[in-house]
Every structure is written in structure tokens, then in C-alpha cells.
Amino acid sequence: MSRIRVENLSIKFRIYHDRSPSLKGYFADIFKRQSRNAYSDFWAVKDVSFEIGAGDRVGVIGHNGAGKSTLLKALCRVYESSDGKIAVDGRIAPLLEIGAGFHPEFTGRENIYLNGAILGYSKQQLSLIEPEVITFAELEEFIDTPVKYYSTGMYMRLAFSLATAMHPDILVLDEIFAGGDASFLAKARARMHALIDKANIMIMVSHDHELVKSLCNRVIWMDHGKVVADGAPEDIVERYLTGKLNG
Amino acid sequence: MKANARSFFRELYDSRNVLLQLVSQQLILRYRRTALGYLWTLINPLLMMSVMALVFATLFKADLKTFAVFLFAGMIPWNFFSAVVTQCGASFINNEGLIKKIYLPKVIFPLSITFALLIDSALSFLALITIIIVIGGSLSWAVLFIPIAYILLFFFALGIGLITSVATVFFRDLQHVILIAMQGLFFLTPILYKHDALAGKVAWLIGLNPIVPFIELFRAPLYQSSLPNVSIIVQGLLLSLSAMSIGALVFLRHEKTIVFRL
């Protein structure tokens with residue numbers, strides 16, 4: 001049984017106002033303490049707590065910059081919490097940005113192995129799923145061509161097929177719905193739904209509210225780094241769209 | 001701390017597949033679609049060293065053959081060290097895209113660079129041995145010490161590389177400082193000249209230079225056909241142990257803040 005427990009999670013970013021800190025600046029600061037305000041702290045996620053259990057399909061909604069993606073990245077361990085705790089039981093799949101780690105000079109096949117390794121698949125697993133990934137991406141002809149010669153659609157198809165080839169316990173999605181032509185899109189949607197069905201827990205960030213309503217059984221609304229509402233999809237999405245906090 | 005170390009190595013072991021991929025990416029990629037391919041890795045330093053041998057043997061009025069062996073034996077460890085320190089310095093910055101998107105144990109970035117450079121260096125060492133034999137030089141059993149010299153040098157360079165990898169993220173200027181520092185250090189290291197040749201007011205600089213023992217570790221077996229002094233071996237051992245400990249300390253302390261500074 002998978003479970004995610006987040007307790008008082010806060011993530012702080014330091015924003016540098018003018019430039020990246022230089023050695024010169026660092027030493028200058030040692031001598032004159034008053035010039036300390038070269039940066040300010042920004043809390044992308046502030047004091048967030050929730051628990052997600054098996055079977056939950058959670059959609060995270062909110063304005064741009066509300067901290068949704070930062071929260072997902074923290075669950076996937078990209079960002080360390082500045083405060084609070086995250087406990088994750090189960091294999092979590094980082095499906096944050098598909099195609100991250102693709103190397104343009106490598107062929108499609110080589111990228112399956114490179115990107116697959118980054119996604120945490122073993123070599124044996126990869127050689128097992130390789131034919132299926134290639135067939136699904138409809139790239140049989142071009143699989144041994146460097147991906148820098150791929151069209152955007154081909155690139156997306158390969159990245160999507162690979163990222164969705166394995167079934168994790170906990171699925172974390174950040175606005176990924178594959179590009180491609182209409183026929184691929186339909187196929188991709190079916191594959192995505194199968195992936196979501198098999199996952200023990202699903203968390204997604206999306207601005208497509210219809211999609212959230214159709215896929216999720218719980219919605220978390222974030223605003224300025226905080227959870228402002230958490231509940232049934234219809235209700236929360238409705239309140240979010242009308243901009244009202246208290247029904 | 002103990003549990004920390006265990007989970008650190010466990011995680012590293014779990015990511016061995018990525019490590020392997022990154023090493024092979026580093027080895028293969030540079031020479032994609034070139035006719036000679038990987039051979040360039042060998043040709044490049046060997047040609048460079050040959051030109052230097054020719055110029056400086058004439059300048060110092062030394063016997064070309066002997067000087068070439070002398071120079072090569074110093075250049076091999078130096079090239080490895082300097083490449084590790086400079087390339088590790090860019091390792092996080094160059095992989096920013098990946099680090100911000102997917103969690104990977106950060107150490108695999110400097111580590112994969114160091115492994116790839118070790119393979120490069122070992123292969124150019126083999127090429128060097130071939131050249132020594134072809135030009136009629138003699139090799140003694142002392143050459144068997146070279147793997148040990150490599151192990152000591154590997155950990156020394158990795159330790160310093162871990163420090164530069166973290167430091168450049170926090171102070172971007174360092175990338176340029178390192179380049180200049182390595183150039184200066186090259187001339188302050190007895191590679192072109194013998195250890196005792198730089199006398200006078202600057203001699204103490206060589207005494208402080210931590211790379212000197214490692215040059216000796218390679219030069220003794222190759223050039224003098226003898227095992228290095230025990231005191232040199234001990235110096236090398238202590239230096240690589242301390243470099244590794246400081247490197248690991250700096251790295252583990254800042255590992256989690258790196259992503260916020262990229």
C-alpha cells in the first residue's frame with residue numbers, strides 16, 4: 001500500500017536581485033555587513049500538510065506560481081524541504097518533464113537507454129520494454145537516427161512512450177499530455193488512462209479543469225504556497241473558478 | 001552519520017546504471033561523426049606532448065628520447081588532474097536541466113567525469129608505453145606500480161573535483177579562476193623541469209605544491225625505472241586521504257542546497 005504524508009512542508013528559495021553571488025561580493029560582504037540585502041527569501045511552499053492514501057487521485061490546481069510544481073518536485077525529491085517532513089511509501093515515478101535528459105546527438109535507441117537509466121529503469125527492464133516503446137512511438141524507421149533530426153512530434157512521441165512504459169506505484173504528473181497528431185493523441189490518452197488506473201496513487205498538476213474533474217477524486221487548491229482548499233473535485237474546481245474561498 | 005553513509009552508498013549503487021550511461025556519454029559523444037572517433041582522445045595529448053618534448057628538449061639541450069619519457073611521465077598525471085578539477089567544476093552547471101527536473105544522487109555528475117577521464121588517461125598511458133618501447137626506451141618491472149599511482153591520484157583528483165564542483169555553483173567566477181590557477185600551477189609543478197631545478201626564492205612554492213608527490217609516483221617507475229620512495233608514497237596516500245575527506249565533507253554539506261543555486 002502506498003502512502004504519502006506531508007507535514008508542515010515549507011520550501012524556501014533565495015532570490016538574488018541583481019546577479020549570481022560572486023567571490024568578490026562574498027568577500028566584500030564579510031567586510032561590510034550592511035550590504036546584506038542582495039537577496040530575499042521566497043517561500044514557494046509554506047506550511048503545507050496533507051496525507052494521500054492508496055486509491056487517491058489527486059489534482060492540484062491554482063494560479064501560476066502558486067507552488068504546485070514545486071510541491072510535486074519536492075515529492076520527487078528534486079527539492080529538499082527547508083522545513084517540515086515528507087514521507088513517501090512506494091516507488092514514485094518522476095514524470096515531471098518528459099524528455100528531460102534526452103541527448104540530441106544520441107540516436108532514439110541510445111536515448112531510450114540513457115533517459116531510461118535516468119528514470120530509474122534497469123538495463124534488463126529497458127531491453128524488455130525497448131521494442132514496445134519503439135512501436136508505440138511509431139519510430140521504427142528513425143530509431144537509429146540522432147534525435148536532433150527528429151521533428152517535435154517524433155521527439156515528444158518517443159519521450160512520452162518511454163516515460164509511460166513502466167507502471168509505478170505513485171504517479172506524479174505535471175501537465176503532461178503528449179503532443180503529436182490526432183491519432184497519436186488518442187492512443188496516448190488511452191495509455192495515460194491505463195497508467196493512471198494501475199497506479200496506486202496519482203497526483204497531477206493541471207490547468208485543464210475538465211481533465212482534473214474527470215481523472216481525480218480529490219482536488220487540492222493551492223494559492224501563494226499554501227493549501228487553501230482540499231476536497232471533492234466538483235466543489236473545489238467550482239469555487240476556484242468563481243474565485244470564492246468559502247463556498 | 002553511519003546510517004547516512006550507508007544510504008549514500010546504497011543510493012549510489014542503485015544509480016550505477018545512470019553512472020555508466022553518463023560515463024559512456026562522456027567518452028563517446030565528443031567524437032561523434034569524426035573519422036578517427038575515439039582515437040582523438042589519444043592523438044590529441046600525444047601530439048601536444050610531442051611538440052612540447054621537441055621544443056623543450058632543444059631549449060634545455062637534452063636528449064630528445066630521454067626528455068620525451070621524462071615529460072610524458074609527468075604530463076599524464078598532470079593532464080588527468082587538471083582535467084578532473086576543471087571539468088568537475090562545470091559538472092553541476094552543465095547538468096542544470098537534469099538536476100532541476102529529476103532527482104539523481106548529485107555525486108554521479110563529478111564521479112562520472114572522473115571515471116571517464118581516468119579511462120582516457122589510462123588509454124593514453126598505454127599509448128605512451130607503446131611509444132616508449134618503439135623509440136627504444138626500456139621498461140622495468142617498476143611499471144607495475146603505475147596502477148597504485150593511478151588509484152592514489154584518482155582519489156586525490158576526485159576529492160579536489162568534489163570541492164570545485166560544489167564551489168562553482170555558489171561562486172560562478174570560480175570557473176574562470178580555476179582555469180587560470182591550473183595554468184599557473186602547471187608551471188609551478190616540476191613537469192617540464194626536474195624537481196630541484198627551480199631553486200631560489202620560489203623553491204618553497206614547489207615544496208607546498210600538493211601535486212608534486214603524484215608526479216613523482218608516475219615518474220619514478222617510468223623515468224627512473226625504480227619504485228618511488230616510501231616517503232613519497234606515504235605523502236601521496238595522506239594527500240589523497242585528506243583531499244577525499246575534505247571533498248566528501250564539503251560535498252555532503254552542500255549537496256542539498258545545490259539545486260536551489262543553479
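Predicted model: local features only at pLDDT ≥ 70, side-chain atom pairs only at ≥ 80, totals over all residues.

Student: What is phi of Glu138(A)?

Tutor: Phi is near 55 degrees there, which is a positive value in a residue other than glycine.

Student: And how many other C-beta atoms does Glu138(A) have within 10 Å?

Tutor: There are 18. Buried needs 20 or more and exposed needs 12 or fewer, so Glu138(A) counts as partly exposed.

Student: What about Ser225(B), where is that found?

Tutor: In chain B, Ser225(B) belongs to the loop between helix 11 (212-223) and helix 12 (230-254). Its phi is near 50 degrees, again positive in a residue other than glycine. Ser225(B) has 14 C-beta neighbours inside 10 Å and is classed as partly exposed.

Student: OK, new topic. What's the overall make-up of chain A in helices and strands?

Tutor: Chain A has eight helices and nine strands. Of its 247 residues, 39% are buried. Among contacts in chain A with a separation of 6 or more, 72% are between residues 24 or more positions apart.

Student: Which strands form the open sheet of three in chain A, and in what order?

Tutor: The order is 2-1-4, with antiparallel pairing. From one strand to the next, the twist averages 25 degrees.

Student: Which strands stand at the edges?

Tutor: Strand 2 (39-52) and strand 4 (83-89) of chain A. Each has a single partner strand, so one side of each has no neighbour in the sheet.

Student: How many bridges between strand 1 and strand 2 of chain A?

Tutor: Ten, in the antiparallel sense, with strand 1 covering residues 3-16. Within strand 2 of chain A, Ile52(A) is the residue opposite Ile4(A).

Student: Which helix packs on the sheet?

Tutor: Helix 2 (residues 68-75) of chain A, which touches strand 1, strand 2 and strand 4 of chain A. The direction of helix 2 makes about 65 degrees with that of strand 2 of chain A.

Student: And the domains of chain A, what are their bounds?

Tutor: Domain 1 is 3-34 + 41-90 + 205-242, and domain 2 is 95-199. Their contact takes eleven residues from domain 1 of chain A and seven residues from domain 2 of chain A. On the domain 1 side, helix 2 of chain A gives the most, with four residues. That side has seven nonpolar, three polar and one charged residues.

Student: Switching to the core. How many residues are in the largest nonpolar one?

Tutor: It has 132 residues, and those with the most contacts inside it are Val172(A), Val84(B), Leu153(B) and Ala157(B). Helix 4 (residues 64-89) of chain B gives the most to this core, with 16 residues. Domain 1 and domain 2 of chain A both give residues to the core, so it lies between them.

Student: Which residues does Leu153(B) touch?

Tutor: Leaving out residues up to four places away in sequence, Leu153(B) touches Pro77(B), Phe80(B), Phe81(B) and Phe214(B).

Student: Last thing, the contact between the chains. How many residues does it take from each?

Tutor: It takes 21 residues from chain B and 25 residues from chain A. On the chain B side, helix 2 (16-29), helix 6 (96-99) and helix 13 (258-261) each supply at least two residues. Helix 2 of chain B gives the most, with five residues.

Student: How does the chain B side split by class?

Tutor: Eleven nonpolar, four polar and six charged residues.

Key
Residues numbered from 1 in each chain as written. Chains lettered and ligands numbered in written order. Contact = placed C-beta atoms within 7 Å. Nonpolar A, V, L, I, M, F, W, Y, C, P; charged D, E, K, R; others polar. Core = buried A, V, L, I, M, F, W, Y, C linked by C-beta atoms within 7 Å. Domains from an automatic or database assignment. Pairing = 2+ DSSP bridges. Axes fitted to C-alpha atoms, helices over the stretch in contact; angles between N-to-C directions.
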